[in-house]
Amino acid sequence: MIDLSVNFAGIKAPNPFWLASAPPTNSGYQIMKAFEAGWGGAVWKTLGVPVVNVSSRYGSVNYRNTRMMGFNNIELITDRPLADNLREIEEVKKYFPDHAVIASLMVESKKEWHQIIKDVENAGADGIELNFGCPHGMCERGMGSAVGQEPDVLKLIVEWVKEAAKIPVITKLSPNISHIVDPGLAAYQGGTDAISLINTIKSIVGIDLDSYAPYPIVDGKSTNGGYCGPAVKPIAMHMLKDLAQHPEISKVPISGIGGIETWRDVVEFILLGATSIQVCTAVMHYGFGIVREMETGLRQFMEEKGYTTIYDFAGKALPNVTEWKHLNLEHKVIAEINTDKCIGCDLCYIACDDGAHQAISIPNEADNRIPSIIEENCVGCNLCALVCPVEDCITMIKKDDGTKHSTWEERTLADDVPVTFDDDRAGGKGHYVPKPTDALK
Ligand SMILES: Cc1cc2nc3c(=O)[nH]c(=O)nc-3n(C[C@H](O)[C@H](O)[C@H](O)COP(=O)(O)O)c2cc1C
Ligand code: SF4
Ligand code: SF4
């Protein structure tokens, strides 16, 4: 019997699907509608001293046929009065006592932090999320990512919060930093009960070619926005991995955020150590109903693998993410083309000849465009398989017999690595490379 319920640092929810602090959590109306649709938790749109927003606020990267592949906003925290938000938190908890309602907070002084914590606790919030991520507007006022980028300040504020908070505290990190472990460790050392990430990434999504102003345009000007949506998922997963593999930071649970849209995204974040996930852009794009596909898919995955709770597989991908120096240099794959599936589109040939290793040939016959692999030149880079438009037409076939294993680290320790510019121990030996003038033929 599958049980999707979670206990995230003491915050209980019927499932790990939570809404991220953003426009879908602006109001009690939206959160009640989301809970009805199947979401297990919601992080309220960040509360603080209410702001004035600009118009317009959103931009997007539409890639080919996909709208909002990347999404960008210059919106600030809530512009609604605190009293209205508190009243609605109380009301939502009355109707949904078993769902997680987390208050995202962003204020400046210690006194303000202590006051607003008391306010949201009195309203019945199950937890607090500290917004140290907003990369526009609020950071110019010394909040948001201005804190997320300064581990010492971040730690101090987490300590202030922990002095006052009776409910669990989640610290939400900014990805606008080169080494995510620094703020992650600062949050842990400050006493946070949990971490969530990522908030949005500083970005400019495009320039209008008449006014020369970036999108979204506010009376002829703009500013950097925060990037999110499917485009940021790989960055979010990498940062999640960095925290989940850290011996100290991993002692607290992590809520994964960034580009999550499908059940598969959810499973991948859990495999990298997240034990709740949060969604913003996908809900802004498709509505609350996407949670049904997430739940059905997650249940089916768990059933197939024999898991009963998400904790059975949380973090299971982490041992397989290692440093490059530990990868097996003796492992060898090469591309194989299924000629029955091939439609003769030339894409693999062009990609390999222009962008890889000249390991694909095409017969010089007008009625035959089926390519073949030049095995001795194929380095197994994968590019042809990635560009091929036919599913499973190009596959990578293992060529080593699995008996040998050596890594860069092992070879370095054995003093068996190239050290001169033409060292025989380097790779790339024996590959046929056409003469430069062959390019002109
Ligand atoms: C329009 C918009 C407003 C947002 N407002 C907030 C906010 O008030 N507080 C916050 O912590 N994060 C805010 N975020 C960031 C999201 O909570 C989330 O971290 C980010 O969008 C990545 O998730 P996604 O790829 O699912 O959108 C906002 C995002 C968007 C798009
Ligand atoms: S795997 Fe790389 S090198 Fe080998 S054929 Fe494909 S593109 Fe060329
Ligand atoms: S990309 Fe795929 S379908 Fe196109 S020629 Fe190559 S193998 Fe055939």
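Author: On a 1 Å grid over the protein atoms alone, a pocket is an open set of points with protein on both sides within 12 Å along at least five of seven lines, whereas a cavity is a set where a 1.4 Å probe fits but cannot get out; lining residues have an atom within 4 Å of a point. The model is predicted: local features need pLDDT of at least 70 and side-chain atom pairs pLDDT 80 or more, while totals for linings use all residues. Residues are numbered from 1 along each chain, and side-chain values use heavy atoms, without hydrogens or water.

Reader: What makes up the lining of the largest pocket?

Author: The lining has 17 residues, and Asn 328, Leu 329, His 331, Val 379 and Gly 427 lie nearest the centre. By class, eight are nonpolar, six polar and three charged; Asp, Glu, Lys and Arg count as charged, Ala, Val, Leu, Ile, Met, Phe, Trp, Tyr, Cys and Pro as nonpolar, and the others, Gly among them, as polar.

Reader: Why is the pair of Trp 113 and Phe 132 called edge-to-face?

Author: Rings of Phe, Tyr and Trp (its six-membered ring) pair if their centres lie within 6.5 Å; planes under 30 degrees apart are stacked, over 60 edge-to-face, and the rest tilted. Here the centres are 6.3 Å apart and the planes stand at 70 degrees, so the pair is edge-to-face. It is found in a structure that holds eight aromatic pairs.

Reader: How do you know that strands E10 and E13 pair?

Author: Strands (E, at least two residues) and helices (H or I, at least four) are DSSP runs, numbered from the N terminus, and two strands pair if DSSP finds at least two bridges between them. Three bridges join the parallel strands E10 and E13, so they meet that criterion.

Technical notes:
Chains are lettered from A and ligands numbered from 1 in the order in which they are written.
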